[in-house]
Amino acid sequence: MPKLYLHVGAGKTGTSYLQAQCTLQHEKLAENGLWYPITDQLLRRVRARKVTSGNTVTLLSWFCPQHSKVRTQGISITPEQVSRWIEEQVTIADGRNILLSSETLQFADPNRVSIFADLVTRRGYEVLVVFYGRHALDHAISNYREHLQRGLLGMSETNEPVNLDNWLTKNVVPFAHTLNVYSQALSDSSVIVKSYDYAKTDLLTNFLEIMGVHGFSGAASSTRNDGAVVNRSLTVVESRFMELAHGVLSPSQIAYLGSLLVAATPCDAAIKGPRSFKIGSASLDSFERRHAKAFAYINSRWSSSLEQQLEVIPTGFVNDASEVRLENLLDFAFHALALGLLPSVSPKPMPVRKTP
């Protein structure tokens, strides 16, 4: 029986990269027995090096009716429209496996997943879910950096300042919740859980082999429209600058300086993981306690598909990073202001630094 795969994430596990590669190489994938439906608009977006939401935009209002983005768009889709869409894709696939991918599928309604699976099964396909997890601390820090970067780009939903310790105290990595949604809607055996930490050095090959595409040759290149870099994480220097500048400079000034920092060659070891951050022991202990039970549950329940266990704190993690000298970054910022190199918007009052 051919299979329809739902790749639901998790976020920060190379999902955008996999979606871009599958879009660029959809014809070659079809030749190898995997149908990845795309539109001309999606292909243009990927070729322009822009982040996508995968290839399930048409169905997201069905799967995730309560998701904020779906509600904002005001789009709805009926079961009949879902059924026609499935019929069309099954016809085009012509017996090949089908792949649908979107991080938003993490927020799917389990009842609607069940209905979708029933419609697919009636057409002779089995529905399977693919989910990549990763170390909880790595995942939380990656999300933290994205939060800062969204602020840099003027995309943040909140202007509240945040630091890493505070973020870890409040952040919950929701892997167990997502997996329970799909195991409830389908079954445990229909959910394939993989370790991103194990697979990330050859992620595309690992991913496609799940769907029966073996020996697939390398990643496709893409043209660049304006030199933009997709999903390049902030370094520690950039992250700490964003933290401190939030209460000192205007958003336009932060964005301008941040763009200069992002354009520069990464100047620290932050891209290797969380080791370059110094984390307060209390927040680290709290984070580990809140995730230990859920991660043990995932490792036990999906041990048959996991190549290695998912950890809350990565093995070998040493919490001894040295502090970044933030004053130097602010000095640079105010020198740039004095020289007229920043947008002419008055900065916020400089906070008084307390001497230790």
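At what angle do α10 and helix α15 (residues 281–301) pack, and how far apart are their axes?

Analyst: This is a predicted model, in which local features need pLDDT of at least 70 and side-chain atom pairs count only at pLDDT 80 or more, while totals for chains, interfaces and linings use all residues. Residues are numbered from 1 along each chain as its sequence is written, and side-chain values use heavy atoms, with hydrogens and water left out.

α10 and α15 pack at an angle of about 40°, and their axes are 9 Å apart. Helices here are DSSP runs of H or I with at least four residues, strands are runs of E with at least two, and both are numbered from the N terminus. Axes are lines fitted to C-alpha atoms, for helices over the stretch in contact, and angles run from 0 to 180 degrees between N-to-C directions. The pair α10 and α15 is therefore oblique; angles under 35 degrees count as roughly parallel, over 145 as roughly antiparallel, 65 to 115 as roughly perpendicular and the rest as oblique. On the α10 side the contact is made by F175, A176, L179, N180 and S183, and on the α15 side by A294, F295, Y297, I298 and R301. Contact means heavy atoms within 4.5 Å.

α10 (residues 175–185) also meets helix α7 (residues 110–122): their axes come within 8 Å and cross at roughly 45°. α7 and α10 are therefore oblique to each other as well, but α7 passes α10 in a right-handed crossing. P110, V113 and S114 of α7 make this contact with V181, Y182, Q184 and A185 of α10.

Back in α15, S281 lies in this helix. With a relative accessibility of 52%, S281 counts as exposed; the cut-offs are under 20% relative accessible area for buried, over 50% for exposed, and partly exposed in between (1.4 Å probe, protein chains only). From C-alpha to C-alpha, S281 is 9.1 Å from D165, although the two are 116 residues apart in sequence.

Elsewhere, helix α3 (residues 40–47) has L42, L43 and V46 as its buried residues. These lie on the same side of α3, because they cover an arc of only 100° around the axis, taken from the directions from the helix axis to the C-beta atoms. D40, Q41 and R44 are exposed on the other side of α3. The cover over the buried residues of α3 includes α1 and α2 (26–31). Just after α3, R49 takes a positive phi of about 65°. R49 is found in the loop between α3 and α4 (60–63) and is partly exposed, with a relative accessible area of 27%.

The loop between β1 (3–7) and α1 holds A10, which a cis peptide bond joins to G9, with omega about 5°. K12 lies in the loop between β1 and α1 and has a positive phi of about 65° although it is not a glycine. Most residues other than glycine have a negative phi, and most peptide bonds are trans. T15, in helix α1 (residues 15–24), counts as buried at 2% relative accessibility. Leaving aside residues up to four places away in sequence, T15 touches H7, G9, A10, S101 and E103.

Notes
Left-handed = near helix turned anticlockwise from the far one by under 90°.
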